[in-house]
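Some terms used for protein structures rest on cut-offs.

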Amino acid sequence: DKPTLLYMPHCDRGLYDKLLLVQSSCAGALERCLLLGNTFESYRLRIWSGPPDAVLRVLPTLTAADITAPWEDCPTAFNDLAVTSFGPDAERAVLATAPAGGEER
């Protein structure tokens, strides 16, 4: 029942998808998570040819604060970093169309 800080900058979309599915399998776990990683909004803006995955399904239920910092030596590093928290409906959204057994693909 303790909060969890997940540090996941520059992770692949598939890893975020699996994380959401695993956290949603334990009641209340996702709502107790605070994620420091890529903004999920950036995944919404990219072309996705498959069915909506957990990353897309959870978007309406989350709150994200972009982290912008002047990285003068490398201005494109961490350019989509955000702190994300998940609302009370996040688990339901993630699991809404997840295949039986929690496996996405």
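A salt bridge is a side-chain nitrogen of Lys or Arg within 4 Å of a carboxyl oxygen of Asp or Glu. The model discussed here is predicted.

Q: Why is the contact between Asp-80 and Arg-46 called a salt bridge?
A: The N to O distance between these side chains is 3.8 Å. The cut-off is 4 Å, so the pair of Asp-80 and Arg-46 qualifies. Asp-80 sits in the loop between strand S3 (62-66) and S4, and Arg-46 in the loop between H2 and H3, so the bridge ties together parts that are 34 residues apart in sequence.

Q: What makes Asp-80 buried or exposed?
A: Asp-80 has a relative accessible area of 15%. Buried means under 20%, so Asp-80 is buried.

Q: How many salt bridges does the count give?
A: The count comes to four salt bridges. Among them is that of Arg-13 with Asp-53, whose closest N and O atoms are 2.8 Å apart. Arg-13 belongs to helix H1 and Asp-53 to the loop between H2 and H3, so this pair joins parts 40 residues apart in sequence. Arg-13 is buried at 8% relative accessible area, and Asp-53 is buried at 0%.

Q: What makes the contact of Arg-92 with Asp-89 a salt bridge?
A: The closest N and O atoms of Arg-92 and Asp-89 are 3.2 Å apart. That value is within 4 Å, so the pair counts. Arg-92 is exposed, with 61% relative accessibility, and Asp-89 is partly exposed, with 39%.

Q: Why is the ring pair of Phe-40 and Phe-86 called tilted?
A: The ring centres of Phe-40 and Phe-86 lie 6.3 Å apart, which is within the 6.5 Å needed for a pair. Their planes stand at 55°; stacked needs under 30 degrees and edge-to-face over 60, so the pair is tilted. Phe-40 lies in helix H2 (residues 40-45) and Phe-86 in strand S4 (residues 81-86), 46 residues apart. The structure holds four aromatic pairs, and ring pairs link Tyr-16, Phe-40, Tyr-43 and Phe-86 into a cluster.

Q: How do you know whether Phe-40 and Phe-86 are buried or exposed?
A: Phe-40 has 1% relative accessibility, so Phe-40 counts as buried. Phe-86 has 5% and counts as buried.

Q: Which residues have the most contacts inside the largest nonpolar core?
A: They are Tyr-16, Leu-20, Phe-40, Val-58 and Phe-86, in a core of 20 residues. Two or more residues come from each of strand S1 (4-8), helix H1 (13-24), strand S2 (33-38), H2, helix H3 (54-58) and helix H4 (90-95). H1 gives the most, with four residues. In soluble globular proteins, nonpolar side chains tend to be buried together.

Q: What is Val-58 in contact with, leaving aside its neighbours within four places in sequence?
A: Val-58 is in contact with Leu-20, Phe-40, Phe-86, Ala-90, Ala-93 and Val-94.

Q: What do the buried residues of H1 pack against?
A: They pack against S1, S2, H2, H3, S4 and H4. The buried residues of H1 include Arg-13, Tyr-16, Asp-17 and Leu-20. Val-22 is also in H1, but at 54% relative accessibility Val-22 counts as exposed, because exposed means over 50%.

Q: What caps the N-terminal end of H1?
A: Asp-12 does, with a side-chain oxygen 3.0 Å from the backbone nitrogen of Gly-14.

Note on methods:
Residues are numbered from 1 along each chain as its sequence is written. This is a predicted model: local features need pLDDT of at least 70, side-chain atom pairs count only at pLDDT 80 or more; totals for chains, interfaces and linings use all residues. Side-chain values use heavy atoms; hydrogens and water are left out. Rings of Phe, Tyr and Trp (its six-membered ring) pair if their centres lie within 6.5 Å; planes under 30 degrees apart count as stacked, over 60 as edge-to-face and the rest as tilted. Buried means under 20% relative accessible area, exposed over 50%, partly exposed in between (1.4 Å probe, protein chains only). A nonpolar core is a set of buried Ala, Val, Leu, Ile, Met, Phe, Trp, Tyr and Cys residues joined through side-chain atoms within 4.5 Å. Contact means heavy atoms within 4.5 Å. A polar contact is a pair of N or O atoms within 3.5 Å; within protein, one must be able to donate a hydrogen and the other to accept it, and residues adjacent in sequence count only if both atoms are side-chain atoms.
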